[in-house]
Amino acid sequence: MVEDDGPGLDEKDAQAALARGARLDESGGQGLGLAIVRDVAEATGGTLALARSDLGGLAIRISWPG
């Protein structure tokens, strides 16, 4: 799991974040590429889920059965 204390995402933005080519951070930093992360996780039998972090921002959970 990766979490941050930023503003987080609402449901609409969370779906947009997983779209190919999406970039929600326009501050000039490096994007993580959540669509690529999700594709790799799913290609290896895993899942990616976005949720609200206990820190107040976004939580990204990647998991594999096991």
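Leu9 is partly exposed, with a relative accessible area of 24%. Here buried means under 20% relative accessible area, exposed over 50%, and partly exposed in between (1.4 Å probe, protein chains only). The model is predicted: local features need pLDDT of at least 70, side-chain atom pairs count only at pLDDT 80 or more, and totals for chains, interfaces and linings use all residues. Residues are numbered from 1 along each chain as its sequence is written, and side-chain values use heavy atoms, with hydrogens and water left out.

**View 1. Leu9 sits in the loop between strand 1 and helix 1 (11-17)**. Helices (H or I, at least four residues) and strands (E, at least two) are DSSP runs, numbered from the N terminus. Leu9 and Ala51 are 42 residues apart along the chain. Their C-alpha atoms are separated by 8.3 Å.

**View 2. The whole chain holds 2 helices and 3 strands**. The protein has 66 residues, and 20% of them count as buried. It exposes about 4700 Å², and carbon and sulfur atoms supply 54% of that area (Shrake-Rupley method, 1.4 Å probe; for residues, only the protein chains shown count as cover). Take the contacts (heavy atoms within 4.5 Å) with a separation of 6 or more: residues 24 or more positions apart account for 43% of them.

**View 3. Three strands make an open sheet with the order 1-3-2 and antiparallel pairing**. The edge strands are strand 1 (2-3) and strand 2 (47-52), and each pairs on one side only. Two strands pair if DSSP finds at least two bridges between them. Strand 1 is joined to strand 3 (residues 58-63) by 2 bridges. Val2 stands opposite Ile60 in strand 3. Strand 2 is joined to strand 3 by 6 bridges, again antiparallel. Across this pairing, Thr47 stands opposite Ser63, and Ala49 stands opposite Arg61. Strands of a sheet pair through backbone hydrogen bonds, either parallel or antiparallel.

**View 4. Strand 2 and strand 3 form a hairpin**. There are 5 residues between the two strands. Gly56 lies in the turn and has a positive phi of about 110°. Ser53 is also found in the loop between strand 2 and strand 3.

**View 5. Ser53 counts as buried, at 4% relative accessibility**. Its side chain reaches the backbone nitrogen of Leu55 at 2.9 Å. A polar contact of 2.7 Å joins the side chains of Ser53 and Glu3. A polar contact is a pair of N or O atoms within 3.5 Å; within protein, one must be able to donate a hydrogen and the other to accept it, and residues adjacent in sequence count only if both atoms are side-chain atoms. Leaving aside neighbours within four places in sequence, Ser53 is in contact with Glu3, Asp4, Leu58 and Ala59. Ser53 and Val2 are 51 residues apart in sequence and 8.9 Å apart in space, C-alpha to C-alpha.

**View 6. Helix 2 (residues 34-43) lies across strand 2 and strand 3**.

**View 7. The largest nonpolar core has 6 residues**. They are Ala17, Leu18, Leu34, Leu48, Leu58 and Ile60. Such a core is a set of buried Ala, Val, Leu, Ile, Met, Phe, Trp, Tyr and Cys residues joined through side-chain atoms within 4.5 Å. Not counting residues up to four places away in sequence, Leu18 touches Leu34, Ala35, Arg38, Leu48 and Leu50.

Methods:
Axes are lines fitted to C-alpha atoms, for helices over the stretch in contact, and angles run from 0 to 180 degrees between N-to-C directions.
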